[in-house]
Amino acid sequence: MALNRKKIVKYFVPILMFLVAAFQLFQVNNDGLTRWKGGGYGMYSEIHYSYYEVWITYQGEIKEIKHDEKIEGISSRRSRRLILKVKSFPNNRNLRALAKILKKDEGYPITIQVWKPKINIDNLSYSRVLLKEITE
Amino acid sequence: MKKLLQNLNLIDISTKALSLIFFIYIFKSDFPHRRFSIFFLLIIIFSLFFNQKILSKIVFWVSSIIILSIDLTTNWYRVANHHFVLFFCCLLFFFVLRQPKHKQQDYLQNNGRSILLVLLFFASIQKLLSPTFIDGSFVGQYLTSGGFFQLILSKIESCQNYIASNRTIITEFNSQVPNATESIQLNGNPKIISTISLIYTYSILIFESLVFYVFLRVKNLNIRHYFLIGLIIAVFISRLECGFLSLLCFLGITQCNEKQSNFKLIYIFLITLFSALIVLNVGFH
C-alpha cells in the first residue's frame, strides 16, 4: 500500500492527465462532447465542431445562427462563446441555455437543432445529420 | 553549440524550452487576465536574458500553474488539447524542482515519457473509437474541402481550384434549411478520394500507435527519438499545429540523455522554428 502511494506521488502528473482524458472520453460517449475539446487528445479524429450548424425555429421563422453572429441582449463575446459551446458540447443543458436567451415571448415554443456535416466517401455525397434537437 | 548543450544539464535545457513555450502561449493568448499576463511576460523576458535562475525557482512555476489553471477552469471546453499538455508540463516542473538535485533528471525523464504515452494512447484510442475517422470520411472531408497539406497544396493551382469548387458547392448547400434526406454531389473521383482517404486514415492510426509502442517497449533511446521526430514532421506537413508540436519537442528534450546532444539540438531548433511561426501568425498556436 505504501509502495502504491509512493508510485502515485511519483507519477502524479501523468495519472492526473490520464484521469482528465478518461473523463473527457466518458463525456464524449455519454454527453455529446466533441472529441476536439476537454483534454482528451481527440483532435483530428472527427470533423471540427465549427463546421456544425445551429438552426432555430421560432415564431414561424427558421434561421441559422452562426458563431460570429451577435445575439440580441448579450455581448458579442458571450454570443460567440454560447454558440460555440452549443456546437462543441450539444447537450440538453447547453441547448436550453441558448433557448432561454433567444426566447423573447414565453407564448411561443422555440426549437433548436444542431446539424453535423457528413461525407460519404464511397460516392462523394455531402449531407447533414441531425445531432441534437430540443423544443422549449 | 553542441558543446554548449553537452555542458547544460537536462533540467536547464528543459526549463528554458518550456519557459519559451509558455512565453509564446501568454503572448498569443487572449484570455481575460491580460494585465497579469503582461507582468508575467516581462518576468520571463528578464529571466531569459538577465537572470536565468528565476526559471528554476518553484515560485515561477507555481505562478505559471496558477495562470494556466485560471485559463483552463474558465475555458475548459474551449481551449485546445495542447493547453492541457502545457499545464501538465508546468505542473511536472513544479514536482521536478521539489525533488533532490540528484533525482531531478530521472523524475523528469520518467514523467515526460509517461505524459507522452498518455497523450499518444488517447490520441490513438479516440481515433479508433470515432466512426467518422475509421470509415475515412473525416480525412475525405478534409481532402475534398481543404484542411490538410496546406503548405503543399497551396502551391498547386489545380488542387486549389478543386478545393474551392467543392467549398462553393458546400456553402450553397449549407445556406438552405437542413433536411436529413437531402444531399449533394462533390467534385472528384470517388474511387481515388476514398482510396487516398483510407490509406491516409490508417497510416495516421498505425504510425501514432507505433510511436506509442516504441515509447512503451523499445529500450533504444535513439529509435524513440527517430519515431518522435518522424511524428513531428508528419504532423507539421499535414497541418501547421505549431503550439502542439513545440510541446512534443519539449517532451522529446526530456527524453534525451547526456550523449544525445544532436537530438537536443534538433528539438531546440524545432521549438524555435514553431515559436517563430506562431509569432508570425503562421499555423495554429
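**Charges, cover and contacts**

Author: Glu208(B) and Lys127(B) join their side chains in a salt bridge, 3.1 Å from N to O. The pair ties together distant parts of the chain: Glu208(B) sits in helix α11 (residues 190-217) of chain B and Lys127(B) in helix α6 (residues 101-129) of chain B, 81 residues apart. This is a predicted model: local features need pLDDT of at least 70, side-chain atom pairs count only at pLDDT 80 or more, and totals for chains, interfaces and linings use all residues. Residues are numbered from 1 along each chain as its sequence is written, chains are lettered from A and ligands numbered from 1 in the order in which they are written, and side-chain values use heavy atoms, with hydrogens and water left out.

Reader: What makes the contact of Glu208(B) and Lys127(B) a salt bridge?

Author: The term asks for a side-chain nitrogen of Lys or Arg within 4 Å of a carboxyl oxygen of Asp or Glu. Here the N to O distance is 3.1 Å. So the pair of Glu208(B) and Lys127(B) is called a salt bridge. Side chains of opposite charge can pair when their charged atoms come close.

Reader: Is Glu208(B) buried or exposed, and how do you know?

Author: Buried means under 20% relative accessible area, exposed over 50%, and partly exposed in between (1.4 Å probe, protein chains only). Glu208(B) has 11% relative accessibility, so it counts as buried. Lys127(B) has 4%, so Lys127(B) is buried too.

Reader: How many salt bridges does the structure hold over all chains?

Author: Six, over all chains. One of them joins Arg35(A) and Glu46(A), with the closest N and O atoms 3.8 Å apart. Both residues lie in the loop between α2 (12-31) and β1 (53-58) of chain A, eleven residues apart. Helices (H or I, at least four residues) and strands (E, at least two) are DSSP runs, numbered from the N terminus.

Reader: Why are Arg35(A) and Glu46(A) called buried?

Author: Arg35(A) has 5% relative accessibility, so it counts as buried. Glu46(A) has 9%, so Glu46(A) is buried as well.

Reader: Which label do Lys63(A) and Glu69(A) get?

Author: Their side chains meet in a salt bridge, 3.7 Å from N to O. Lys63(A) has 34% relative accessibility, so it counts as partly exposed. Glu69(A) has 26%, so Glu69(A) is partly exposed too.

Reader: What makes Lys6(A) part of a positive patch?

Author: Patches are made of residues with over 30% relative accessible area and no salt bridge; like charges are joined within 9 Å, and nonpolar side chains (Val, Leu, Ile, Met, Phe, Trp, Tyr) within 5 Å. Lys and Arg count as positive and Asp and Glu as negative; His and the chain ends are not counted. Lys6(A) has 63% relative accessibility, so it counts as exposed. Lys6(A) gathers with Lys7(A), Lys10(A) and Lys103(B) on the surface. Helix α1 (residues 2-10) of chain A gives the most to the patch, with three residues. Lys6(A) is in that helix.

Reader: How do you know that Leu95(A) is buried?

Author: Leu95(A) has 0% relative accessibility, so it counts as buried. Leu95(A) belongs to helix α4 (residues 92-102) of chain A.

Reader: What does Leu95(A) touch?

Author: Contact means heavy atoms within 4.5 Å. Leaving out residues up to four places away in sequence, Leu95(A) touches Val86(A), Pro90(A), Ile112(A), Val114(A), Lys132(A) and Ile134(A). Leu95(A) and Ile134(A) are 39 residues apart in sequence, yet 7.1 Å apart in space, C-alpha to C-alpha.

Reader: Where is Arg224(B), and why is it called buried?

Author: Arg224(B) lies in helix α12 (residues 221-238) of chain B. Its relative accessibility is 8%, so Arg224(B) counts as buried. Beyond four places in sequence, its contacts include Arg113(B) and Gln255(B).

Reader: Is Asn281(B) buried or exposed?

Author: Asn281(B) has 59% relative accessibility, so it counts as exposed. Asn281(B) lies in the segment after α14 (261-279) of chain B. Asn281(B) also has a positive phi of about 60 degrees.

Methods:
Accessible areas come from the Shrake-Rupley method with a 1.4 Å probe; for residues, only the protein chains shown count as cover. The place of a charge is taken as NZ of Lys, CZ of Arg, CG of Asp or CD of Glu.
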